[in-house]
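Please read it alongside the sequence and structure shown here.

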Amino acid sequence: MAVGREQLLGEPGTAGAAVEEALDLARIALASEALGGAERVLEMTTAYVKERLQFGRPIGSFQAVKHRLADMMIEVEAAKSAAWYAACVADERRAELAEAAAIAKSYCCDAFFDCAANAIQLHGGIGFTWEHQAHLYFKRARATATLLGSPAWQRERLVRGFASGAAATPAF
């Protein structure tokens, strides 16, 4: 079945900007989801290292474990700033939407992936099993990172700028 010109909505060639805006809003939503995943992984891992005993004391009392958790917390807090900034831009300053979406998507997805990878390590043998939550979060973090353009592609968009339209097609 063919669609006639009289059935078109809007003018030909004008939908690109609306589609890009919708994709940027979706990237911000996905970044927020990644932030939530990173926060949950941090909470779950912190609780685990408080209860898992090694050499008669919780593994969370070891300095190396504390450093990893601190690094995870810093990534989560920075990702929170990026996601909140992008949400504010989406609400108030649409001219900066593409840039804010790229920043939030790249940073939040990287934070989620790094936190999930650390969670697997800190959970030890149980974290490597496919059924454990740590591994499920890791797989979700990997999938989220590739959806709507990888973090590397988002950073490439930032480097190239948004006015030229050169970064409109993802190169996965």
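**Helix packing around α1**

The axes of α1 and helix α5 (residues 151-160) come within 14 Å and cross at roughly 125°. That angle makes α1 oblique to α5. The model is predicted.

**α1 with α5**

- The crossing of these two helices, α1 and α5, is left-handed.
- On the α1 side the contact uses E20, D24 and R27, which meet W153, Q154 and R157 of α5.
- Sorted by class, the residues in the contact of α1 with α5 are 4 charged, 1 polar and 1 nonpolar.

**α1 with α4**

- Helix α4 spans residues 133-146, and its axis and that of α1 come within 11 Å, crossing at roughly 160°.
- Angles over 145 degrees count as roughly antiparallel, so α1 is roughly antiparallel to α4.
- α1 passes α4 in a left-handed crossing.
- From α1, the residues L30, E33, A34, G37, R40, V41 and M44 meet Q133, A134, Y137, R140 and T144 in α4.
- The contact of α1 with α4 comprises 6 nonpolar, 3 polar and 3 charged residues.

**R27**

- R27 lies in helix α1, which covers residues 15-51.
- Its relative accessibility is 4%; buried means under 20%, so R27 counts as buried.
- Leaving aside residues up to four places away in sequence, R27 touches E20, A101, K105, L148, W153, Q154 and R157.
- R27 and A101 are 74 residues apart along the chain, yet their C-alpha atoms are separated by 5.8 Å.

Terms used:
Residues numbered from 1 in each chain as written. Predicted model: local features only at pLDDT ≥ 70, side-chain atom pairs only at ≥ 80, totals over all residues. Heavy atoms only, no water. Helix = DSSP H or I, 4+ residues; strand = E, 2+ residues; numbered from the N terminus. Buried < 20%, exposed > 50% of the residue type's maximum accessible area, 1.4 Å probe, protein only. Contact = heavy atoms within 4.5 Å. Axes fitted to C-alpha atoms, helices over the stretch in contact; angles between N-to-C directions. Parallel < 35°, antiparallel > 145°, perpendicular 65-115°, else oblique. Left-handed = near helix turned anticlockwise from the far one by under 90°. Nonpolar A, V, L, I, M, F, W, Y, C, P; charged D, E, K, R; others polar.
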